[in-house]
Amino acid sequence: MSLAHFHHTNILDIDQFSREDIQFILKYAQVLSQKERGQLSHLLEGRILASLFFESSTRTRLSFETAMIRLGGKVISTVGFQFSSISKGESLSDTMKMVEAYADLAVIRHPVEGSSRIASAAVNIPVINAGDGTGQHPTQALLDVYTIFIEKGCIDGLQIAFVGDLKYGRTIHSLVKLLCHYNVKMIFVAPIDISLPESYRKELKEQNIQFEETEDLKAIWDCDLAYVTRIQQERFADQSQYELLKNVYSVDRSFLLASRKETLIMHPLPRLNELNTDVDDLPHAAYFRMAGYGVTIRMTLLLLCLNIDIESEI
Amino acid sequence: MSLAHFHHTNILDIDQFSREDIQFILKYAQVLSQKERGQLSHLLEGRILASLFFESSTRTRLSFETAMIRLGGKVISTVGFQFSSISKGESLSDTMKMVEAYADLAVIRHPVEGSSRIASAAVNIPVINAGDGTGQHPTQALLDVYTIFIEKGCIDGLQIAFVGDLKYGRTIHSLVKLLCHYNVKMIFVAPIDISLPESYRKELKEQNIQFEETEDLKAIWDCDLAYVTRIQQERFADQSQYELLKNVYSVDRSFLLASRKETLIMHPLPRLNELNTDVDDLPHAAYFRMAGYGVTIRMTLLLLCLNIDIESEI
Amino acid sequence: MSLAHFHHTNILDIDQFSREDIQFILKYAQVLSQKERGQLSHLLEGRILASLFFESSTRTRLSFETAMIRLGGKVISTVGFQFSSISKGESLSDTMKMVEAYADLAVIRHPVEGSSRIASAAVNIPVINAGDGTGQHPTQALLDVYTIFIEKGCIDGLQIAFVGDLKYGRTIHSLVKLLCHYNVKMIFVAPIDISLPESYRKELKEQNIQFEETEDLKAIWDCDLAYVTRIQQERFADQSQYELLKNVYSVDRSFLLASRKETLIMHPLPRLNELNTDVDDLPHAAYFRMAGYGVTIRMTLLLLCLNIDIESEI
């Protein structure tokens, strides 16, 4: 896994990656996943990760912290409301300059879009964006692509459905962008009120990506996989609209067993009614395995940002 | 310490243990306590404990985390209100399936009775109940028994008093159940309004345990040890009743020095007026030593759940 | 670095230190800072620090936790509102007796003045005061002196300005006291309403320290360094007074470039308008480097409290 062709020291948004970059990350992660735990447990010995969650995201925080300590590194951690200096009016840049003196790299989650870029610009240590506001969440998109790569063995040639809140769903927006580097067909399944924004439709056309839009959930029966998402209550100014839409789709066992293909079901979790628990023990259910893939992808990104070549190190 | 006869991979409630199990735990803990720190510091190297406190309990959380890191393990930790996915409606089972991808075992504290059993059923990693609602707190009961075992050298034959809130006191209920495996005499000291529930009285009779009930604190003068507890304000719907009862007993230095026996005083802490600080430097005071016994018992349970035989490993 | 002449196992306030103590700490820190990271990473292996922040102070907490883990130690950590036993009425002494069973030393931050002394009196492990209310913050004062020592090469003979809130500023009060051990001239720059309290003025006279007071910020042009501080909104009962004073001074690039000397600018951070970001890339700006000095000083204090002689250990 020569690092000669990978030049990113920060992971800020998915637009920074070429197809070659993504392929490199996927293969690096795959090699990593095949190592014994003991082979990895000293790679980041003596390094410190600052886990800076200016807003709470337990799933993502624990994933990064697990990744760091599996590699032998240490973590200093803080969650939003604990940032006492922020409450006294400190700028993010100033906070980051303090962090730079403590840690070898930083993961940042922040409620305001663009924060991770500001954070990164302030310091000389690598910064990884763990989600900033309505902006990007690149490590989630990379773990989604890695899930497809491992579960399906390839990405090119797949027919992929996206189900649920396509208007506000940050996760879907990032994944769609990343998949534009591949030869896939996309099926967007959503009620008209929360369908894909026009800007994404335009980009797909420019990139010559084949896609269809429908309100009919049965469209996923023809797909290799369906990426199902929660209707996010917190995004609706009008709660009565949320009530109308929240249960519009529900993927369950009998619906899936009627599928022509063994449609793989992915979900970024947490889930509500859109994905029934009676799916959990079907082979279709990839969503719990995604937590493990997430740790692998985050281990990969920590190592790449610190320029660690696992082949020569192990 | 052959593990051939110990078959528990989860610690969910005290009813799961036979007398043989308890004896095994006590002796394993005693052997562990006699080792040098350096002999233990690599036993759980590379293992990760998920410390999941859905409600705050600093004493118990720090005890488990200390136990884990003394054994060379690592901890990922989260406290209640940080569980962002829970606030979005995620089920405990789904949360646990994420945790399973991150950690080798989990400790769970939860406000709802039965939660630890639900958590355990969702995953294939060991789960330890660190208190669930008005339900059980088995590691507290085990550390209480371990305290008696170490401080008194044996358990059979002792006369043991329980003082304070016998109606709502989860700690006392668990300890009473555990001691039913031993040949002890129990003295229950409480005002009638917060005396032992009828179900426990019935069980004691069925198990042929000798016991007495009284409102007179002087009864502890005849006991080998007294387990004193706080009247828990948060359990009273009627605060005026709490005000009447909160100072009904106060164990202090002069009262203890009048005792016929050197009655050992235990207390799960925190304490209020029921146990005066002027007792602290008497030999009677075992309650501060209990924090150390607690770490030993939790180290023991972490090792047993992961099936580590200390004799062969060291 | 023989420890024969250093006899402090607790760091509670700056009055405990003689000039010889301070010089010893500064030199120990300097030696430590010249070591490779790998030489230090096992010095506190197997030791556990209890990081007890009864009020939030992210900067100080992360600094101590970084210091501990760089030395190979482990941290158990808790922040204010998580102290469930405190909310049930537990005394600080009782909490500390629990901590003593878990950790090898403790760092305590507490909103009430004198708390660290109470904490220390309750236990036999070293206790370090990380700020208690309007009381002392000795590790901040030591890192300030260490900054001067490293940046200027010496302390005796310097002319040092203090700017901003000299009435309520705990940081400044502690640093002034510490600098009384040196042959320095102090210039106090503050509006009359928040000028240095009379008690400090009296002490400076008794100690024969040369000092001047002025409202004119231009006084710092003649100084080797200026210690600038934030006007602390939270200290003002009358918010209209805060509004009048908050922007009374603003150190910026053009003001500094007009200085006769290259006045070094220090600031405990966080900063607001009193220190403009256009100063950040001037050589004058020492304030971001202070975060690194802080980690070194805290590593030093952890080692000294545990009586570790780095020369013989490395």
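A crossing of two helices is called right-handed if the near helix is turned clockwise from the far one by less than a right angle, and left-handed if the turn is anticlockwise. In the predicted model described here, the crossing of α12(A) and α5(B) is right-handed. The contact involves A:Ala291, A:Gly292 and A:Val295 on the α12(A) side, and B:Met98, B:Ala101 and B:Tyr102 on the α5(B) side. Five of the residues in this contact of α12(A) with α5(B) are nonpolar and one is polar, while none is charged.

Chains A and B were then compared as copies. Chain A is superposed on chain B by a rotation of 120 degrees, with 0.0 Å of shift along the axis and an RMSD of 0.0 Å. The two copies are therefore related as by a three-fold rotation axis. Within chain A, the residue that comes closest to the rotation axis is A:Lys74, whose C-alpha lies at 5.4 Å.

Chain A is assigned two domains. Domain 1 consists of residues 3-137 together with 294-313, and domain 2 consists of residues 138-291. Their C-alpha centres are 26 Å apart. In the contact between them, 19 residues come from domain 1 of chain A and 18 residues from domain 2 of chain A. On the side of domain 1 that touches domain 2, at least two residues are supplied by each of α1 (19-33), β4 (127-132) and α12 of chain A. The most is given by α1(A), with five residues. This side of domain 1 of chain A comprises 10 nonpolar, five polar and four charged residues.

The contact of chain C with chain A was also examined. Here 21 residues of chain C are in contact with 17 residues of chain A. On the side of chain C that touches chain A, α2 (37-40), α3 (58-70) and α12 (289-305) of chain C each supply at least two residues. The largest share, seven residues, comes from α3(C). By class, this side of chain C has nine nonpolar, eight polar and four charged residues.

Definitions and conventions
Residues are numbered from 1 along each chain as its sequence is written. Chains are lettered from A and ligands numbered from 1 in the order in which they are written. This is a predicted model: local features need pLDDT of at least 70, side-chain atom pairs count only at pLDDT 80 or more; totals for chains, interfaces and linings use all residues. Helices (H or I, at least four residues) and strands (E, at least two) are DSSP runs, numbered from the N terminus. Two residues are in contact if their C-beta atoms, placed from the backbone, lie within 7 Å. Ala, Val, Leu, Ile, Met, Phe, Trp, Tyr, Cys and Pro count as nonpolar, Asp, Glu, Lys and Arg as charged, and the others, Gly among them, as polar. Domain bounds come from an automatic or database domain assignment. Copies are superposed by least squares on the C-alpha atoms of residues with pLDDT of at least 70 in both.
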